[in-house]
Amino acid sequence: MTGGAGFIGSHYVRRLLGPKGPGDVSITVLDLLTYAGNPANLDEVRDHPGFSFVHGDICDAELVGKLMVEHDQVVHFAAESHVDRSIDGGAEFVRTNVVGTHTLVEAAHCAGDRTLVHVSTDEVYGSIDTGSWPETHPLAPNSPYSAAKASSDLLALSYHRTHGLDVRVTRCSNNYGHHHFPEKLIPLFVTNLLDGKKVPLYGDGGNVRDWLHIDDHVQGIELVRTKGRAGEVYNIGGGTELSNKELTGLLLEACGADWETSVEYVEDRKGHDRRYSVDCTKIREELGYAPRKDFREGLAETVQWYRDNRAWWEPVDKGTASRRVV
Ligand code: NAD
Ligand code: DAU
């Protein structure tokens, strides 16, 4: 597993090695521990006999080649994942997301007979005002982050088409849950509100996202890893579409704050995608996927986790650029 010290990757490891996991897996996490990787996310599994950790870079071809020989499957989470950071500078996004993914698929091809699940994003499709994207929709990414993710998708799929490598791609919507780095909307707003600070709402607050609980994302990835088909792409959605304004209202309510004193409209994100929406018919009909987590319940649990785990997020530099209030 690459990127297993991050938000979603660490949840996946904890799940697979936990009591609800399949019981027959051992996992090596390969993670560079960038600002987004936190070793504490893996504390729960550190002593599990099936767990090992390698501190390293997915762009290191020698290391990746050596590890690939010792493993039969790769679930690839490692990436630079924050759109705002990619707007400030895309170099690290190209390096990790594109070069890193190429290093992995090349090593998998050289090792032979490997399965690689590439965790991608709905952002590769661009922005959609109405309706939903099926997997066959052409890619039209808009930010340096999503363009780098789209490049990595296509590279991974090219290794299936060209070399017959068993590559499976997932494209999911916005994840939420515990251990989410507080630079993204939900954890940033929750931690600010718990500290009595304001939250920065971009533009008119009318941008829409589909929210997917990490348990449901992990459920979808597991279905793809265990039952998915080589060379196929699977969308994974959460089924809860909200504008940022609507979501902010729910977060204020959950944190006991009010709009007038806590919300600040700030200048918009450059090239801000208006709406994402994936059509999940394929994974539902082919693999039996259905999101199970009720959004309000998941959000309440998430807020509670941030209340209970200040020691996890208080030392973190949220790295948010200050934006002009409008
Ligand atoms: P994250 O930023 O929380 O974690 C990324 C992890 O990758 C970190 O542990 C980091 O240390 C590691 N990493 C970064 N560069 C590396 C490198 N060169 N070598 C090895 N490890 C490296 O990300 P996340 O939110 O958990 O996202 C995981 C994956 O899911 C990403 O590929 C992302 O594009 C995708 N995704 C995320 C979301 C979401 O809502 N968070 C939605 C759709 C898709
Ligand atoms: O859709 C999947 C994607 O979701 C993943 O591929 C990305 O890795 C992940 O970061 C996420 O991207 P978004 O850009 O949608 O997430 P973010 O939390 O950064 O922003 C969600 C929405 O909230 C977006 O419309 C921008 C807005 N926003 C965000 C921040 C950080 C604000 O209004 N204020 C903020 O401070």
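Analyst: We'll take the ground rules, then the cores, the sheet, the ligand and one tyrosine.

User: What are the ground rules?
Analyst: This is a predicted model: local features need pLDDT of at least 70, side-chain atom pairs count only at pLDDT 80 or more, and totals for chains, interfaces and linings use all residues. Residues are numbered from 1 along each chain as its sequence is written, chains are lettered from A and ligands numbered from 1 in the order written, and side-chain values use heavy atoms, without hydrogens and water.

User: How many residues are in the largest nonpolar core?
Analyst: It has 58. Such a core is a set of buried Ala, Val, Leu, Ile, Met, Phe, Trp, Tyr and Cys residues joined through side-chain atoms within 4.5 Å. Buried is under 20% relative accessible area, exposed over 50%, partly exposed in between (1.4 Å probe, protein chains only). M1, Y12 and V13 are among those with the most contacts inside this core.

User: Which helix gives the most to this core?
Analyst: Helix α1, residues 7–17, with six residues. Helices (H or I, at least four residues) and strands (E, at least two) are DSSP runs, numbered from the N terminus. Apart from this core lies another, of 24 residues, including L194 and W312.

User: Now the sheet. What order do the strands take?
Analyst: β3-β4-β5-β9, four strands in an open, parallel sheet. Two strands pair if DSSP finds at least two bridges between them. The edges are β3 (73–76) and β9 (233–236), each pairing on one side only.

User: How many bridges join β4 to β5?
Analyst: Seven. T121 stands opposite C172 in β5. Helix α5 (144–163) packs on the sheet and touches β4, β5 and β9. Contact here means heavy atoms within 4.5 Å.

User: Which residues come nearest to ligand 2?
Analyst: T121, D122, Y145, R269 and H272, of the 24 around ligand 2. Near means a heavy atom within 4 Å.

User: What does T121 do there, in distances?
Analyst: One of its polar side-chain atoms lies 2.7 Å from a ligand 2 oxygen. R209 also has a polar side-chain atom 2.8 Å from an oxygen of ligand 2. For S81, a backbone N or O atom lies 2.7 Å from a ligand 2 oxygen.

User: Last topic: why does Y265 count as partly exposed?
Analyst: Because its relative accessibility is 25%. Y265 sits in strand β11, residues 263–266. Its C-alpha is 6.1 Å from that of Y202, 63 residues apart along the chain. Beyond four places in sequence, the contacts of Y265 include L201, W259 and R324.

Key
Axes fitted to C-alpha atoms, helices over the stretch in contact; angles between N-to-C directions. Polar contact = N/O pair within 3.5 Å; in protein donor to acceptor, adjacent residues only side chain to side chain.
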